[in-house]
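Reader: Please take one part of this model and go through it closely. I would like the cut-offs stated along the way.

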Amino acid sequence: MGASYKNIGHFNKGEMKTIGFERPKHGAVTYLTADELKAITDYWGVDVNTK
């Protein structure tokens with residue numbers, strides 16, 4: 001099964017209409033397993049203190 005893509009348009013138009021803020025925001029919050037975090041830090045060569 002291939003990846004799918006839905007064009008949601010430009011910021012502040014259509015589905016991308018702002019609610020409660022006036023300009024685009026950056027970043028996202030997500031949950032990672034310990035294995036996923038290790039894979040990401042190994043790939044990018046960064047050291048993350050998880051203690």
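Author: T41 is found in helix α1, which covers residues 34-44. Helices here are DSSP runs of H or I with at least four residues, strands are runs of E with at least two, and both are numbered from the N terminus. The model is predicted, so local features need pLDDT of at least 70 and side-chain atom pairs count only at pLDDT 80 or more, while totals for chains, interfaces and linings use all residues. Residues are numbered from 1 along each chain as its sequence is written, and side-chain values use heavy atoms, with hydrogens and water left out.

The secondary structure of the protein amounts to one helix and zero strands. Of its 51 residues, 4% count as buried, and T41 is buried at 10% relative accessibility. Buried means under 20% relative accessible area, exposed means over 50%, and partly exposed is in between (1.4 Å probe, protein chains only). Leaving aside neighbours within four places in sequence, T41 is in contact with V46 and V48, where contact means heavy atoms within 4.5 Å.

D42 is partly exposed, at 49% relative accessibility. Its side chain meets that of K38 in a salt bridge, at 2.6 Å from N to O. The term requires a side-chain nitrogen of Lys or Arg within 4 Å of a carboxyl oxygen of Asp or Glu, and the count by this rule is one. D42 and K38 are four residues apart in helix α1, so about one helical turn separates them.

W44 also lies in helix α1 and is exposed, with a relative accessible area of 63%. Y43 is exposed too. The structure holds one aromatic pair. The ring centres of Y43 and W44 are 5.0 Å apart and the planes are at 80°, so this pair is edge-to-face. Rings of Phe, Tyr and Trp (its six-membered ring) pair if their centres lie within 6.5 Å; planes under 30 degrees apart are stacked, over 60 edge-to-face, and the rest tilted.
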